[in-house]
Amino acid sequence: MEIVVFGAGSIGSLLGALLARVPDHGVTLVGRDPHVSTIRRRGLEVTGIESFTVEPRATTDGTGLTADLALVTVKAYDTEAAARELRTGEFRAVCSLQNGMGNEKALTGRLDCPVLGGTTSYGAVRTGPGEVVWNGAGEVVIGPWRPSDEDETAAEVGDAMAAAGFDVDVADGAGIRRRLWEKLAVNAAINPTTALARIENGALGDEPGADLVEPIAREVGATARAVGVSVSDEALADAIESVVTATAENESSMYADVQAARRTEIDVINGYVVERAGEHGVEVPTNRALWTLLRAWEAERDLRPVDA
Ligand code: KPL
């Protein structure tokens, strides 16, 4: 399968490298320099859970590309821009594997091909140009976003990922929505707390960090049910705990953002929970506090867009 990985950050680079190991897959990474120029010169080096080097194609120009599949791995605030570039190319399917909510909506708003929602709990950190550390072997869940996307596409994409050794689950339309809320709970618990406390994911497995898991699961669960997604608080707490364990060594993407003084995805994670909860009269004080703290950090550094 020809696969474009649109967004060669930590997770995009890791997933692209794993896919590029399959002889039948042709992989093109879309990213920024100097990462892209380094990959072109000496390949992409993965260390950590496994160590290997692959030589995928790499480009800084995401326009006019053609492939069977585009995996979107850009930060959520870049999804609109990614969709505009993807629109100039030709793809049989596009699949979001991003953090936060709203990505699939942004993609379906601009693209005519089938769009799959997706989540991944792999842990990865980009340590330098052409280098990524694989810190946590997680799961990938994909599923059709619109009723019109409910054909064989998700199963074919699932097979292509399974060929690369991914633990992949193909859900239906209701299933992928429920799994996105589970991943939202995982990110709402892990990302801001690790970023603010400057700790690795595993610190949420022990007291006092572990004290945050249950209130966040409860708040996200109440909000999910208020918007009509059937998920229990226990399932969300279990999802958080299993990702904490599987990615214990990892620095979350938000911790990496804070260290690099980059804008974070807080608005589409805890901010999304606060806004949906507010529409339905659900109290979410823990999520609100985390959202406020990260927004304050971003505002101090002029990292917030003027309209946010
Ligand atoms: O999605 C992640 C992230 O860091 O953004 C997890 C799965 C929590 C891994 O760190």
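How far is an oxygen atom of the ligand from an N or O atom in the side chain of K183? The distance is 3.2 Å. The legends below take this site and several other close-ups in turn.

This is a predicted model, in which local features need pLDDT of at least 70 and side-chain atom pairs count only at pLDDT 80 or more, while totals for chains, interfaces and linings use all residues. Residues are numbered from 1 along each chain as its sequence is written, and side-chain values use heavy atoms, with hydrogens and water left out.

**View 1. The shell around the ligand.**
The ligand is surrounded by N99, S121, K183, N187, I190, N191, N201, V243, N250, S252 and S253. A residue is near a molecule if one of its heavy atoms lies within 4 Å of it. By class, this shell has 2 nonpolar, 8 polar and 1 charged residues. Here Ala, Val, Leu, Ile, Met, Phe, Trp, Tyr, Cys and Pro count as nonpolar, Asp, Glu, Lys and Arg as charged, and the others, Gly among them, as polar. Helix 6 (residues 173-197) gives the largest share of the shell, 4 residues. Helices (H or I, at least four residues) and strands (E, at least two) are DSSP runs, numbered from the N terminus.

N99 has a polar side-chain atom 2.8 Å from an oxygen atom of the ligand. For N191, the distance from a polar side-chain atom to a ligand oxygen atom is 3.1 Å. Taken alone the ligand exposes 280 Å², and the protein buries 95% of that. Accessible areas come from the Shrake-Rupley method with a 1.4 Å probe; for residues, only the protein chains shown count as cover.

**View 2. N270 and helix 10.**
N270 belongs to helix 10 (residues 270-279). N270 is buried, with a relative accessible area of 0%. Buried means under 20% relative accessible area, exposed over 50%, and partly exposed in between (1.4 Å probe, protein chains only). Leaving aside neighbours within four places in sequence, N270 is in contact (heavy atoms within 4.5 Å) with A188, P192, N287, L290 and W291. The buried residues of helix 10 are N270, G271, V273, V274, R276 and A277. These buried residues pack against helix 6, helix 7 and helix 11. After helix 10 comes G281, with a positive phi near 70°.

**View 3. H35 in helix 2.**
H35 lies in helix 2. Is H35 buried or exposed? At 1% relative accessibility, H35 counts as buried. Not counting residues up to four places away in sequence, H35 touches A8, S13, L44, R126, G128, P129, G130 and E131. The side chains of H35 and S13 are joined by a polar contact of 2.9 Å. H35 and R126 are 91 residues apart in sequence, and their C-alpha atoms are 9.5 Å apart in space.

A disulfide is a covalent bond between the sulfur atoms of two cysteines. In this model a disulfide is a pair of cysteine sulfur atoms within 2.5 Å, and by this rule the count comes to 0. C95 is buried at 0% relative accessibility, and C113 is buried at 16%.

**View 4. Backbone angles in the loops.**
Most residues other than glycine have a negative phi, and most peptide bonds are trans. The peptide bond from D33 to P34 is cis, with omega near 10°, and P34 is in the loop between strand 2 (26-30) and helix 2 (35-42). A cis peptide bond also joins E207 and P208, with omega about 0°. P208 is in the loop between helix 6 and helix 7 (213-226). R198 lies in the loop between helix 6 and helix 7, and its phi is positive, near 55°. D302 has a positive phi of about 55° although it is not a glycine. D302 is found in the segment after helix 11 (285-300) and is exposed, with a relative accessible area of 70%.

Note on methods: Polar contact = N/O pair within 3.5 Å; in protein donor to acceptor, adjacent residues only side chain to side chain.
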